[in-house]
Amino acid sequence: MENSEFETLLEEKTGKLDEIIERYLPAEEGEQKTVIQAMNYSIRAGGKRLRPMLLWETFLLCGGRKEDEGFVAPFLAAVEMIHTYSLVHDDLPAMDNDEYRRGRKTTWRVYGEAFGILAGDGLLNYAFETAMRTFEYCGCTGGPITSCYTSREYLDRAAGALYVLAKKAGIYGMIGGQTADIEAEGQKENVTEEQLLFIHKHKTAALIQAAMTVGAILAGAGQEQIEALERCGLNIGIAFQIQDDILDVVGDSKELGKPIGSDAQNGKQTYVTLKGLKAAGEDVAALSDEAVRILKEFDGDHDFLERLILKLIHRTK
């Protein structure tokens, strides 16, 4: 696949995911209109749509049918809602206190701190309301899964996917990683590499792992394939976060759409401050190489997925 072909395909796929996500956003009406507006403002800020894209591409890699998009679509929207909620809360004054993200004001700066909190809460909860809509799908009748006896396998896949998504987003995943991150900032002694890796594995990698394993589960993959993709997602997530730390030192604020140097300004220790730019870059390369090697073990078409992973890990914005 030529680079121009990949970029065109990436743009098309991102546009399609934007359409799917938009389809599941709540209507801005009723007494709760303000929090819904804040939620939708956050989602519509755009972004790479990395997690839903990984979910869909992994679904196809593991033998999922394109015709079953209706079965997978609620999870595509849900995983992006969970990711967005985490960004909304990260930006709050009590967390990173950021005023800009993706080139525009953060949610709390537009709607106020209280609605920033509520918008994040709303997105997390609404993500699972959305994911549950997968039970409206039936591959053979077009009706709800529960109305069709032959769709029992789809029902089991959906239930398994929901469990993984919930766990990876919760105290044993993202929230656990955020907890460790906050506690590390407040400790007197230097953060250790073990602490940093725990934070990266849970705060960043967990949802990437969720996207890839949920895609595999929904496709009906075997346990060995699911575990391989979980390892792949771990490597991608850690490499992605290390690259984020690198960009906070050497990145371009115009490209990133947010200020650089915020970690140093806040006195926050990162992978770069711990190991240095050169070693951090080498670790990014090693982790991304291992992620691609795992993908190459799959029989399905993984060319686009490989290119996507390498592009995102080695991104400049």
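## Helix H14 and its two sides

Let's start on the outside: Lys-278 and Asp-289 are exposed on one side of helix H14, in what is a predicted model. The buried residues of H14 are Ala-280, Val-284, Leu-287, Ser-288, Ala-291, Val-292, Ile-294 and Leu-295. Around the axis they take up an arc of only 155°, so they sit on the same side of H14. An α-helix has 3.6 residues a turn, so residues three or four places apart point the same way.

The partners of this buried set are helix H3 (50-61), H10, helix H13 (271-275) and helix H15 (303-313). As for length, H14 covers residues 277-296, and its 20 residues should span 28 Å at 1.5 Å a residue; the end C-alpha atoms are 29 Å apart, which agrees.

## Leu-61, a residue of H3

Leu-61 belongs to helix H3. Is Leu-61 buried or exposed? Its relative accessibility is 6%, so Leu-61 counts as buried. Beyond neighbours within four places in sequence, Leu-61 is in contact with Leu-229, Leu-295, Phe-298, Gly-300, Asp-301, His-302 and Leu-305. One of these, Leu-295, is also among the buried residues of H14.

For a sense of distance, take Arg-315, which lies 254 residues from Leu-61 along the chain: the two C-alpha atoms are separated by 23 Å.

## Helix H7 and what covers it

Helix H7 runs over residues 152-169, 18 residues in total, and reaches 26 Å from its first C-alpha to its last, close to the 26 Å expected at 1.5 Å a residue. Its buried residues are Tyr-154, Arg-157, Ala-158, Ala-161, Leu-162, Val-164, Leu-165, Lys-168 and Ala-169. Viewed down the axis of H7, these buried residues fall within an arc of 170°, so they line one face of the helix. On the other side, Arg-152 and Tyr-163 are exposed.

Which helices cover that buried face? The cover includes helix H4 (69-90), helix H6 (113-131), helix H8 (174-186), helix H9 (193-219) and helix H10 (223-250). Val-164 has a relative accessible area of 18%, and the cut-off for buried is under 20%, so Val-164 counts as buried. Not counting residues up to four places away in sequence, Val-164 touches Ala-210, Thr-213, Val-214 and Ile-217.

## Where H2 meets H6

Helix H2 (residues 33-43) packs with H6 at an angle of about 75°, and their axes are 8 Å apart. The two helices are therefore roughly perpendicular to each other. H2 brings Thr-34, Val-35, Ala-38, Met-39, Ser-42 and Ile-43 to the contact, while H6 brings Phe-115, Leu-118, Ala-119, Gly-122, Leu-123 and Tyr-126. Sorted by class, this contact has nine nonpolar, three polar and no charged residues.

Most residues other than glycine have a negative phi. Arg-49 has a phi near 55°, a positive value in a residue other than glycine, and Asn-97 also has a positive phi near 55°.

Their surroundings are worth a look too. Arg-49 is in the loop between H2 and H3 and is buried, with a relative accessible area of 5%. Asn-97 is in the loop between H4 and strand E1 (100-101), and at 43% relative accessibility Asn-97 counts as partly exposed.

Notes. Residues numbered from 1 in each chain as written. Predicted model: local features only at pLDDT ≥ 70, side-chain atom pairs only at ≥ 80, totals over all residues. Heavy atoms only, no water. Helix = DSSP H or I, 4+ residues; strand = E, 2+ residues; numbered from the N terminus. Expected span 1.5 Å × (residues − 1). Buried < 20%, exposed > 50% of the residue type's maximum accessible area, 1.4 Å probe, protein only. Arc of directions from axis to C-beta. Contact = heavy atoms within 4.5 Å. Axes fitted to C-alpha atoms, helices over the stretch in contact; angles between N-to-C directions. Parallel < 35°, antiparallel > 145°, perpendicular 65-115°, else oblique. Nonpolar A, V, L, I, M, F, W, Y, C, P; charged D, E, K, R; others polar.
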